[in-house]
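Hi everyone, thanks for making time. I'd like to walk you through one structure today, so please have a look at the screen.

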Amino acid sequence: MFGLPFDYNEPLFRPPSEAYSLIFQVTLGCSWNKCAFCEMYSSKKFKTRKFEDVKSEIENTAKEYNDIRKVFLADGNAMVLSSAKLIEILTELNRNFPKLNRVSAYALPNDISSKTKEELIELKNAGLKLLYVGIESGDDEVLKMITKGETYNSTLDGLLKAREAGIKLSVMILNGLGGKKYSEQHAINSAKLVNEIKPEFLSTLVLSYPYGEDHFIKKFNGDFIKMTKMDLIKEMKTLIEKTELENTVFRSDHASNYLVLKGNLSRDKNEMLNRINQVLENPEYSGLREEWQRGL
Ligand code: SF4
């Protein structure tokens with residue numbers, strides 16, 4: 001969106017599906033900021049923004065764009081704010097944007113668990129309809145090695161609480177996160193966790209190394225063996241095979257993915273697995289054959 005009457009505190013991130021949403025930064029950075037693979041907010045010190053500053057940005061923006069329908073609350077985990085503060089912000093958004101029909105934010109499972117079910121229902125009723133949660137893995141060993149600060153159980157508790165309150169969930173799993181050594185347990189336990197959560201949306205991203213592989217390996221508290229693209233796709237196959245979901249929209253269309261898959265789990269599960277098998281058996285279909293032959 002161009003011509004907003006305020007400046008963002010860069011860097012600014014949002015999920016791909018929030019491309020057409022208006023973004024307000026209600027916090028800066030990530031309150032956890034310790035995950036081994038993540039450098040999104042490593043240049044920022046976490047802080048919450050003053051309500052008066054957010055309020056004035058909302059009011060000034062509404063003078064020019066009062067037909068906004070979707071708002072995304074940034075930065076890394078806006079859900080860490082107290083319920084009272086979030087309600088204040090949601091009230092201000094509803095007052096200024098009469099056509100608003102969805103507010104969303106990134107959240108950590110612990111941020112959700114720290115709120116009561118009644119508070120979550122109040123937030124949902126005030127417009128907070130969707131939370132994006134990078135659960136990364138359902139495997140406790142992998143979660144510990146990457147210093148996620150969450151476990152299988154803490155993730156499950158937080159996300160089920162959000163679901164019970166009627167808040168929709170979009171969860172992310174990081175393909176290749178445990179490296180080759182932990183690949184199978186990462187895929188199997190991630191599928192198990194997702195099966196219990198039953199999110200509306202599930203997506204995968206591929207582990208990347210913005211500051212180089214060595215930088216990541218130093219922060220990974222385990223034996224990291226980098227995976228080839230073939231290994232990554234085999235891991236995807238295990239993950240999808242093990243899912244038992246009825247109505248989850250799956251996407252692996254983030255730029256980091258080598259194989260784009262989109263569909264509904266379970267309706268399109270077999271079709272997606274067929275596509276994976278086709279690529280594994282005939283690498284030329286993927287356009288990655290030469291790289292695979294060189295073991296990249
Ligand atoms: S919680 Fe999310 S934003 Fe924060 S460091 Fe971990 S992956 Fe990055």
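Let's begin with the shell around the ligand: by class, it has seven nonpolar residues, three polar ones and one charged one. Keep in mind as we go that this is a predicted model. Who sits in that shell? Around the ligand you'll find C30, W32, N33, K34, C35, C38, M40 and Y41, together with G76, L108 and G134.

Now let's zoom out. The protein has eleven helices and ten strands. Its C-alpha trace spans about 55 × 40 × 35 Å along the principal axes. How does the radius of gyration compare with that of a compact globule? For 296 residues such a globule would come out near 19 Å, and the protein has 20 Å, which agrees. Buried residues account for 39% of the 296. As for contacts between residues at least 6 apart in sequence, 81% of them join residues at least 24 apart.

Last stop, helix 10. This helix covers residues 269-281, so to speak 13 residues, and reaches 18 Å from its first C-alpha to its last, close to the 18 Å expected at 1.5 Å a residue. Which of its residues are buried? Those are M272, I276 and V279. Looking down the axis of helix 10, its buried residues fall within an arc of 65°, so they line one face of the helix. That buried set packs against helix 9 (229-242) and strand 10 (262-265). Over on the other side of helix 10, N270, E271, N274, N277, Q278 and E281 are exposed.

That's my tour, and I'm happy to go back to any part of it.

Methods. Residues are numbered from 1 along each chain as its sequence is written. This is a predicted model: local features need pLDDT of at least 70, side-chain atom pairs count only at pLDDT 80 or more; totals for chains, interfaces and linings use all residues. Helices (H or I, at least four residues) and strands (E, at least two) are DSSP runs, numbered from the N terminus. The radius of gyration is taken over C-alpha atoms; the globule rule is 2.2 Å times the number of residues to the power 0.38. A residue is buried if 20 or more other C-beta atoms lie within 10 Å of its own, exposed if 12 or fewer, and partly exposed in between; C-beta atoms are placed from the backbone. Two residues are in contact if their C-beta atoms, placed from the backbone, lie within 7 Å. A residue is near a molecule or strand if its C-beta atom, placed from the backbone, lies within 6 Å of it. Ala, Val, Leu, Ile, Met, Phe, Trp, Tyr, Cys and Pro count as nonpolar, Asp, Glu, Lys and Arg as charged, and the others, Gly among them, as polar. The expected span of a helix is 1.5 Å times one less than its number of residues. The arc is that of the directions from the helix axis to the C-beta atoms.
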